Amino acid sequence: MIPDILNQGQYDTVYNFLSLVIASQLFTALFLLISLPRILPRYRHAITVAIIVCGIAAYHYFRIFDSFKAAFVSAEAGGTGDYVQAVGVSFNEGYRYVDWLLTVPLLLVELIAVLALTRKLQTSLLVKLVPAAALMIILGYPGEISVDNGVRGLYGLLSTIPFLYILFVLFTELSKSLVNQPVSVRRTLSQLRWLLLLSWGVYPIAYLLPLLNVEGADAWVGKQVGYSIADIVAKCIYALIIFKVARLKSFDDDPSFAAIELSKHELNTKA
């Protein structure tokens, strides 16, 4: 399913989007690391997990980036024009699945951690969500690397089962805990689940392209762009929203902390 040749525009598109993801993941992690003191200690666990997620993603995108550059080489001596697959080298899509196997469960850990639930309820939700997330990724990989549409469809269907279970838990059991959250963050937390659903929805669309007979270089480039955008949304934007929730909850929990932080903001604004 990897094309034998890419034109200059297709090569540059993939190259630039992979570079964009690396920059997004690295600097989101850096921002969150610098901003840790701006939230109360009880919420720093959630942000630490978010930093780890962005770090893992940045590392794997470096590997994907190197794999892409090694797999496609210029067909012309001047380095412009078409790019062809290098002899004996292939683009390694497996890096994405290793990344998702680690980061997708952690995305759910971020959400549970920032809610600051009772230990019993937190453990119950994690036991349900984390194994289901890992199983979803594990079941999807055999279909991703298969050239047989029957095998691809079978594993796509199997991976959908834990995906639907995750959605069930997020939109039923997790909803029960939202009533105990501060009013200032309830809507954001509710929308956060939809953000996960929308960003994760890109992956099955790309996964199903071969089953829909959408192939060729443009389809492959579109898949790489789609995966890249989804990873920015599901990791970077998601992490920044988690940070916003943690900050608002910090203000709600400790008015004196809120006063100090808001006074710092006012001073920075005047400066």
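Because the model is predicted, local features need pLDDT of at least 70 and side-chain atom pairs count only at pLDDT 80 or more, while totals for chains, interfaces and linings use all residues. Residues are numbered from 1 along each chain as its sequence is written, and side-chain values use heavy atoms, with hydrogens and water left out.

Let's start with the whole chain. It holds nine helices and three strands, where helices (H or I, at least four residues) and strands (E, at least two) are DSSP runs numbered from the N terminus. Reading from the N terminus, the order of elements is β-α-α-β-β-α-α-α-α-α-α-α. The C-alpha trace spans about 65 × 50 × 25 Å along its principal axes. Of the 271 residues, 47% count as buried; here buried means under 20% relative accessible area, exposed means over 50%, and partly exposed is in between (1.4 Å probe, protein chains only). The chain exposes about 13,100 Å², with carbon and sulfur atoms supplying 67% of that area. Such areas come from the Shrake-Rupley method with a 1.4 Å probe, and for residues only the protein chains shown count as cover.

Now to the charged side chains. Side chains of opposite charge can pair when their charged atoms come close. The cut-off used here for a salt bridge is a side-chain nitrogen of Lys or Arg within 4 Å of a carboxyl oxygen of Asp or Glu. A search of the whole structure turns up nine of them.

One to look at is the pair of Glu261 and Arg38, whose side chains meet at 3.6 Å, N to O. Glu261 sits in helix H9 (residues 255-270) and Arg38 in the loop between H1 and H2, so this bridge ties together parts that are 223 residues apart in sequence. Are the two partners buried or exposed? Glu261 counts as buried because its relative accessibility is 6%, whereas Arg38 is partly exposed at 32%.

Next, turn to Arg96, which forms a salt bridge with Asp231, the closest N and O atoms being 3.9 Å apart. This pair links distant parts of the chain, with Arg96 in helix H3 (residues 94-115) and Asp231 in helix H8, 135 residues apart. Both partners are buried; Arg96 has a relative accessibility of 1%. Leaving aside residues up to four places away in sequence, Arg96 touches Leu18, Tyr61, Ile64, Gln224, Tyr227, Ser228 and Asp231.

Another bridge joins the side chains of Asp99 and Lys235 at 3.5 Å, N to O. Asp99 lies in helix H3 and Lys235 in helix H8, so this pair ties together parts 136 residues apart in sequence. Both Asp99 and Lys235 are buried. These residues belong to a network of salt bridges that links Glu93, Arg96, Asp99, Lys223, Asp231 and Lys235.

Helix H8 also has a helical partner to look at. Two packed helices are described by the angle between their axes and the distance between the axes. The axes of helix H6 (residues 183-200) and helix H8 (residues 217-253) come within 10 Å and cross at roughly 170°. That makes H6 roughly antiparallel to H8. Axes are lines fitted to C-alpha atoms, for helices over the stretch in contact, and angles run from 0 to 180 degrees between N-to-C directions. Angles under 35 degrees count as roughly parallel, over 145 as roughly antiparallel, 65 to 115 as roughly perpendicular and the rest as oblique. Among the H6 residues that meet H8 are Val185, Leu189, Leu192 and Trp200, and the H8 side includes Val233, Ile237, Ile241 and Leu248.

Which residues make the nonpolar patch of about 500 Å²? They are Leu26, Phe27, Leu30, Ile34 and Phe62. Patches are made of residues with over 30% relative accessible area and no salt bridge, with like charges joined within 9 Å and nonpolar side chains (Val, Leu, Ile, Met, Phe, Trp, Tyr) within 5 Å. Helix H1 (residues 8-35) gives the most to this patch, with four residues. Phe62 lies in helix H2 (residues 44-71) and counts as partly exposed because its relative accessibility is 38%. Not counting residues up to four places away in sequence, Phe62 touches Ile22 and Leu26.

Definitions and conventions: Contact = heavy atoms within 4.5 Å.
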